[in-house]
Amino acid sequence: MLELTGVTKSYGERRVVDDVSFVVPAGSLTGFVGANGAGKTTTMRVVLGIVEADAGTVTWQGSPVDAAVRRRTGYMPEERGLYPRMQVRRQLVHLARLHGIDAGVARRRADELLERLDLGERADDQVDALSLGNQQRAQIAAALVHDPDLLLLDEPFSGLDPVAVDRLTELLREIAAGGVPVLFSSHQLELVERLCDRVVVLAAGRVVAAGEVDALRRARTRPRHRLVLGGDAGWVRGAPRVSVVEVVGNRALVEADDAALQALLAQAVRRGAVHELSPVTPTLSELYREVLA
Amino acid sequence: MSAGDGEVRWDDVRLVAAREVGEKLRSRAFLLSTLLFLALVAASIALPALLYDDGPTEYDVAAVGPAVVALAHALPPDLVDVTVTEVPDRAAAERLLRDDEVEAALELGADGPVVTALQEAPGTLLEALGATVQAGSLLAALEGAGLPAAEREQLLAPPDVQTRLLEASDLDPAAVPLLSVAFVLLFFFVVFQFGQSIAQGVVQEKESRIVELLVSAVPVRTLLYGKVLGNGGLALTQIVLLVLVGMAGALATGERELLSLLLRNAGWFVLFFALGFALLSCLWAAAGAMASRSDDLQATTAPLQVLLIAPFFAAVYVTSDPARVVMSYVPLTAPLVMPARLLEDDAALWEGALSALVVLATAVVAVRVGERLYRASLLRTRGRTSLADAWSGRAGGGS
C-alpha cells in the first residue's frame, strides 16, 4: 500500500499541493482526477522523488519511500520522454536494467510487452520514427518493463485510439489483479469510472474526495430518484420536504429521504398515472461536479 | 528523500556508460568524424615524408635545337632529373607547354639560355641551369687565359666538404615543436568534441523528459558518472588510437627517431589528457543540465569554451620560458604545456609527476563542483538555470 500523509508543496507563494493525504491499496486501480493545475502531476512527482515536498510523508508498506522502492516503481510522466534516437527495444531493455532487471529477463519482458501493445513490428525503429500513438505505447511499455511493484501513470490514456485504450485497460486490470497498486490520472471520467474501484479527487491542491466510488455515491446526503408521470410533473415543485433537481414535461428528478419519497408517490398516484419511480445512480462526472461545486 | 540521493551502484554507472558508448558507436556521424580525424593524423605524418623528398626534382623539358638538348643533358643529375623532348622552334615548344606535355621550354637566346614556363618559374631547374652555365662560361674563360686542362679541372672540381654533427640524429629538428603543437591541437579538439557531446547528451535527456524516468530509477550521480565515464572512455580511446596511428605512420615512413620520441612521451600525453578531461567533463555535464533546451547550450557552455580556448591559445603562443614553466603547473594549461615540456626534454620526470598531481587535485574539486551544479539544475525544465541558482540549489519553477 502506498500512503501519502499531509504532502504539501509550494512554488514561491503558490501552494500547488496542500496537505494531501490518501492511500493506494494493493491490487486496486485508483483514479486520480482533478482539473488542470489541480496538483496531480506534482503529487506524483513527490512520490517519485523528482520533486521534494515541503512537508508530509510518503510511505510504502509502512516505511518511507526510498531509492530502493523507486527502483521498483513504474512511472509514466505527463510529459512523455524516451530517447528519440534510440531503438524502442534497446531502450526498454536499458530502462529495465537501470531498474535492476537482468539483461536476459529485460529482453524477454520488453518483447512480451511490445507484442501485447502491438508494437512488435516497430521494436527496432527509433522512437522518433514512431507515430504519436505508438510513442505513447512505447512509453507505457517503459513504465511496465521492469515488472514494477507500484505503478504511477500520468494521463496514460491521452492520445490512444480506442483499440489501444482497451489493450491498456486490460493490461492495467491484470497488473492490479496481481496485487500492484496502480494510481493513474485522467480527465476521461467515464474511463475512470469503468476502470477504477477507487478515486482521489483533487481541486486546487487539496483532496476533496477520496475512496471507493460506491462509497462516495452512498455518502451523498440524499439519494436521487426519477419520477415519470402520466401528466405534467410541474406540481412536484410544491411537494413538501422534496428538493427538485429538475422538471421536464412529465419527468422530475428529485432528492428526498425515504418518508418524503413515499408521501410524494402517494400524492402522484392520487393525481393520476405513475409510469416510473426509480433511484438514480450518479455518474462519476456528476459526483465530480458535485464535490467541486 | 529526493531522487538526487541514494547510493551510486557501479553496475548502474556501467549501464549508463555502456549506453553512451553504444549509441555513439551506432552513430554514423560519430564514426565518420573519428575516421576522418584518424585519416587526418595519418596524412599529416605521411604527407611531409612524401612531399619533402630529398631526391632530384623531375622535369619534362622541351629543348629547341640539338645544342640545347646537350645543355639539358649536362644539368647536374643530383639536382634535377630531366626528360628532354627536342623541338624545332619556339612555337613548337610553346605548344607542348600549353598542352601540358612539358613543364618548361629551353632555348638559347642571344644572351644565353631562355627558360619559358606557363605560370610558375621552375625553381630547381633555373638553379641547376645557372650553375651549369656559370661553370661552362668560367671554363671557357680559363681556357681563353691559357690554363692547362688539368689545372682547369682541379679549379672547377667541387671542394670536398666534410661535415661533423655534435648531436647526430635523423630526427628533423622541426619535429619536436611540431609534435608539441600536434598534441595541443589533439587535446583541444578531442576535449571540445566530447565535452560538447556530454553537454548535448544531458540537455537532450532534459528536453526529451526521459530524465524524469531516469532519476526515478537511479540516483542523479549515477547518470552523471555514467555519462562522463562513457564519453571519457571514448575520448581516451580516440586519443590512444590517434597516437597509435602517429606511431604507425612514423614506423611506415622510417622515422625511427620520431617513433622513439613518441613512445617515450605518449604515456605522459595520455595521462595528462585523462586528467584534463576529468577536470572539465563534469563541468560540461553541469553546463548541459543548466540549459533546458539545446538553444540554451550556447550560453551555458560559453564559460567552458573560454576555459578551453584561452589555455589553448596560451599554450600555442606563449613560448618564452618563465611563463611557460608557470603554465605547466597551472591546472587548465598544465595538460597542454607539461607534455610538451617533457617532450622537449625541458622538464624532469618529477616535474611531470608534480604537475599531474596538481591537475588531479583540481579535477577532484571540479568534479564536486560540476556534480553540485548538475544535481541542482537537472530537473528544472523551465528556462535556463543561472549559475547562482544552481550553486545555491534554490528551487525553480515547475508544477
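Author: Glu58(B) lies in strand 1 of chain B, residues 57-64 (helices, H or I, of at least four residues and strands, E, of at least two are DSSP runs numbered from the N terminus). This is a predicted model, in which local features need pLDDT of at least 70 and side-chain atom pairs pLDDT 80 or more, while totals for chains, interfaces and linings use all residues. Residues are numbered from 1 along each chain, chains are lettered from A and ligands numbered from 1 as written, and side-chain values use heavy atoms, without hydrogens and water.

Glu58(B) is exposed, at 60% relative accessibility (buried is under 20%, exposed over 50%, partly exposed in between, with a 1.4 Å probe and protein chains only).

Over all chains, the whole structure holds 32 salt bridges (a Lys or Arg side-chain nitrogen within 4 Å of an Asp or Glu carboxyl oxygen). In one of them, Arg89(A) meets Asp111(A) at 2.7 Å, N to O. Because Arg89(A) belongs to helix 3 and Asp111(A) to helix 4 of chain A, this pair ties together parts 22 residues apart in sequence. Arg89(A) is partly exposed at 26%, and Asp111(A) is partly exposed at 32%.

In chain B, Asp12(B) pairs with Arg9(B) at 3.8 Å; Asp12(B) is buried at 3%, whereas Arg9(B) is partly exposed at 43%. Asp295(B) and Arg293(B) meet at 3.3 Å, N to O, with Asp295(B) exposed at 61% and Arg293(B) partly exposed at 42%. Salt bridges with shared partners also link Arg45(A), Glu79(A), Arg209(B) and Glu212(B) into one network.
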